[in-house]
Amino acid sequence: MAAISTDQSATDTDVVAQGILAVLSGDPYNDARWLDLPCGPAVSCVTLRQYKVNPEVTADGEEADLLTGQIQVHVPFPTGPFTAVFTLFTASMDYWAEFCDLLVALLQTVSFHDPAGTDTPTPEGADAELTEPTSP
């Protein structure tokens, strides 16, 4: 998950999502779709790629095909000027359906409001990447 700075106002989430959809739909290898999430509009983009793996790095010494899948979901912040980007990338395509179900469940929980009611604005122009906290 990452949050990237965008040039938008809080009321432009539909416009931002429409722009993202237009850009992602321009690539014939993308399956880009509009999503209506509880937190507002979003755009999903699914891309499947197949790669040839050299025999030197396979267990049986034979050339192999590796199929990978990526899902990205772009969610404009309704509080402005950021877009959250959720990315799932895997080469474990046997579990693709389960990964999709998990990502859908996660996206249903996205909220841009502090449940304690103490929303604090993020500084404008700050790119933020969200990572797991590390223990000391």
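## A trio of rings

Phe77 and Phe112 are both buried, where buried means under 20% relative accessible area, exposed over 50% and partly exposed in between (1.4 Å probe, protein chains only). You are looking at a predicted model, in which local features need pLDDT of at least 70, side-chain atom pairs count only at pLDDT 80 or more, and totals for chains, interfaces and linings use all residues. Residues are numbered from 1 along each chain as its sequence is written, and side-chain values use heavy atoms, with hydrogens and water left out.

How many aromatic pairs are there? The count is three; rings of Phe, Tyr and Trp (its six-membered ring) pair if their centres lie within 6.5 Å, with planes under 30 degrees apart called stacked, over 60 edge-to-face and the rest tilted. One of them joins Phe77 to Phe82 in a tilted arrangement, 5.7 Å centre to centre with 50° between the planes. Phe77 and Phe112 make another tilted pair, at 4.5 Å and 50°. This pair links distant parts of the chain, 35 residues apart: Phe77 sits in the loop between β4 and β5, and Phe112 in the loop between α2 and β6 (128-129). Together, ring pairs tie Phe77, Phe82 and Phe112 into a cluster.

Next, follow strand β5, residues 82-90. Helices (H or I, at least four residues) and strands (E, at least two) are DSSP runs, numbered from the N terminus. Seven of the nine residues in β5 are buried.

Which strands pair with β5? Two strands pair if DSSP finds at least two bridges between them. Strand β1 (residues 2-5) pairs with β5 in the antiparallel sense over four bridges, and Ala2 stands opposite Val85. Strand β4 (residues 64-76) also runs antiparallel to β5, joined by eight bridges, with Pro76 opposite Thr83. β4 and β5 form a hairpin with five residues between them, and Gly80 in the turn has a positive phi of about 80°.

## The second largest pocket

The second largest pocket holds about 200 Å³ of space. A pocket here is an open set of points on a 1 Å grid over the protein atoms alone, where a 1.4 Å probe fits, with protein on both sides within 12 Å along at least five of seven lines; lining residues have an atom within 4 Å of a point.

Which element gives the largest share of the lining? That is α2, with four residues. Among the lining residues are Leu35, Val46, Ile71 and Leu103.

Terms used
Grid points are joined across faces, edges and corners, and a volume is the space filled by probe spheres set on the points.
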